[in-house]
Amino acid sequence: MIFSKFERMTAWRYLRAKRKEGFISVISGFAFTGIALGVATLIIVMSVMNGFKSELLSRILGLNGHIVVAATPEFPFTNYAAAAEGFENMTGVQSAVPLIERQILVATPHAAEGAMIRGMDKTDLFRKDVLRKGFMPLDLESFEGDVVVLGERLAQKLGVFAGDEVTLISPNGKVTAFGTMPRMKTYTVLGTFNVGMYEYDSAFLFMPLETAQKFFGLKGAATQIDITLQNADELPFIRSAVEESVGADAYVYDWKQTNSAFFNALDVERNVMFLILTLIILVAAFNIITALIMLVQDKGRDIAVLRTMGATKGMIMRIFFMDGAFIGVVGTLIGFGIGVAFCAHIESIRRFLENFSGRELFSAEIYFLSQLPAEVNWTEVYVVGIVSLLLSFLATLYPAYRAAKMNPVEALHYE
């Protein structure tokens, strides 16, 4: 659609409301603001949802493997070193880490908390980026003997610091002449870790693999092997190969099985939020219709004069189409800028609002993460822009068509 200089000049003149057209200008301003806020809100919400999913996935896969090979309770892996080496030799496998994972009770003179313990070799801690960063303040060369490393929030709950002692109590006890007695032993706290995910920082602790073997009575054995892949898309094929290699001697499951309900809920919520927030833009589009219809009514005499001077119906239609399109395009562009800028500084904005209000707006206990994430997906941003522009353009068609169909004689007679 090509607009002549006369059409552009006339459309721009109509956008600059005079004093008597102030009410029309107010409605146009509401439409403009509504589109900008709708686009910005949609970009922010979609980016936060993407950030949640990405951050949770990176934390989960940073601490766990894509595939877990778990031994049966009666027959733990006694040949775990050879098995891990065999898995690592498979095409597409990045690493295979043997470990012991059990539920325990952590007790101090002041408190007691249930937790999950992982026994790992210190060299394997370095192989996982999330763990390596979370353990960064610690000297992992000292990660040997009767020591444990607690999640930062778990240590806060128990009120312990580096150098303090905690007592670990396992329900998998020792069989004695007096019955089954729970395993209990005191260990020194080497320090704390922080991986930025509340579930792990508040309920996990680590100890050396050999120490865990002694504590649980698993001499030279491990309870599972975590397999990390080079490419997550190859999960179905590599899992099939792993299942064939272990047969019926172990259980094989992947991260999608363990977290499927959680991530499916995130996807559903994300799609629903997209539909709901699109209604904001739709409401703003209706404001464009209202503003243009009132503008057409107000400019009836001008339209009649233009028609008598030789302006065609197409020219009149394009003039009012440009007025509505201007509101939609500029509102969308400003919404883009606000949304992307907000996402880029969302954590700073969150902290400012928390300090200003004196309230915690993003609780790690509820949202699992200690920071508010936002990941802008430019494909989604373009889709939001296209939807906004499409609704804006569609909203201009009826008022523009109505202006073009106006009878000049009737308009002059009405005036």
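Reader: Hi! Are Phe-135 and Phe-206 buried or exposed?
Author: Hi! Both Phe-135 and Phe-206 are buried in this predicted model.

Reader: Where do Phe-135 and Phe-206 lie?
Author: Phe-135 is in the loop between helix H5 (129-134) and strand E4 (147-151), while Phe-206 is in strand E7 (residues 204-208). The pair therefore ties together parts that lie 71 residues apart in sequence.

Reader: Which residues form an aromatic cluster with Phe-206?
Author: Phe-206 forms one aromatic cluster with Phe-135 and Phe-193.

Reader: OK, zooming out: how many aromatic pairs does a search of the whole structure find?
Author: The search finds eight aromatic pairs. One of them is Phe-135 with Phe-206. Trp-378 and Tyr-382 also pair, with ring centres 6.4 Å apart.

Reader: Where are Trp-378 and Tyr-382 along the helix?
Author: Trp-378 and Tyr-382 are four residues apart in helix H15 (residues 378-404), so about one helical turn separates them.

Reader: How exposed are Trp-378 and Tyr-382?
Author: Trp-378 has 46% relative accessibility and counts as partly exposed. Tyr-382 has 52%, so Tyr-382 counts as exposed, since the cut-off for exposed is over 50%.

Reader: New topic! Which rings have a charged end sitting over them?
Author: Phe-216 is one of them: the charged end of Arg-102 sits over its ring, 5.4 Å from the centre. The ring of Tyr-187 has the charged end of Lys-185 over it, 5.7 Å from the centre.

Reader: Back to helices. How do you describe two packed helices?
Author: You give the angle between their axes and the distance between the axes.

Reader: Is the crossing of H10 and H15 left-handed or right-handed?
Author: H10 passes H15 in a right-handed crossing. The contact of H10 with H15 has 17 nonpolar, five polar and three charged residues.

Reader: And how do H12 and H15 pack?
Author: Helix H12 (residues 313-344) and H15 have axes 8 Å apart, at an angle of about 155°. H12 and H15 are therefore roughly antiparallel. H12 also passes H15 in a right-handed crossing, and their contact has 17 nonpolar residues, seven polar and one charged.

Reader: What about Tyr-398, where does that lie?
Author: Tyr-398 lies in helix H15. With a relative accessible area of 47%, Tyr-398 is partly exposed. The C-alpha atoms of Tyr-398 and Ile-293 are separated by 8.5 Å, though these residues are 105 apart along the chain.

Reader: Last one: what can you tell me about Met-46?
Author: Met-46 is found in helix H2 (residues 22-63). Its relative accessibility is 6%, so Met-46 counts as buried. Met-46 and Asn-271 are 225 residues apart along the chain, and 8.9 Å separates their C-alpha atoms.

Conventions: Residues are numbered from 1 along each chain as its sequence is written. This is a predicted model: local features need pLDDT of at least 70, side-chain atom pairs count only at pLDDT 80 or more; totals for chains, interfaces and linings use all residues. Side-chain values use heavy atoms; hydrogens and water are left out. Rings of Phe, Tyr and Trp (its six-membered ring) pair if their centres lie within 6.5 Å; planes under 30 degrees apart count as stacked, over 60 as edge-to-face and the rest as tilted. Helices (H or I, at least four residues) and strands (E, at least two) are DSSP runs, numbered from the N terminus. Buried means under 20% relative accessible area, exposed over 50%, partly exposed in between (1.4 Å probe, protein chains only). A charge sits over a ring if NZ of Lys or CZ of Arg is within 6 Å of the ring centre and within 35 degrees of the ring normal. A crossing is left-handed if the near helix is turned anticlockwise from the far one by less than a right angle, and right-handed if clockwise. Ala, Val, Leu, Ile, Met, Phe, Trp, Tyr, Cys and Pro count as nonpolar, Asp, Glu, Lys and Arg as charged, and the others, Gly among them, as polar. Axes are lines fitted to C-alpha atoms, for helices over the stretch in contact, and angles run from 0 to 180 degrees between N-to-C directions. Angles under 35 degrees count as roughly parallel, over 145 as roughly antiparallel, 65 to 115 as roughly perpendicular and the rest as oblique.
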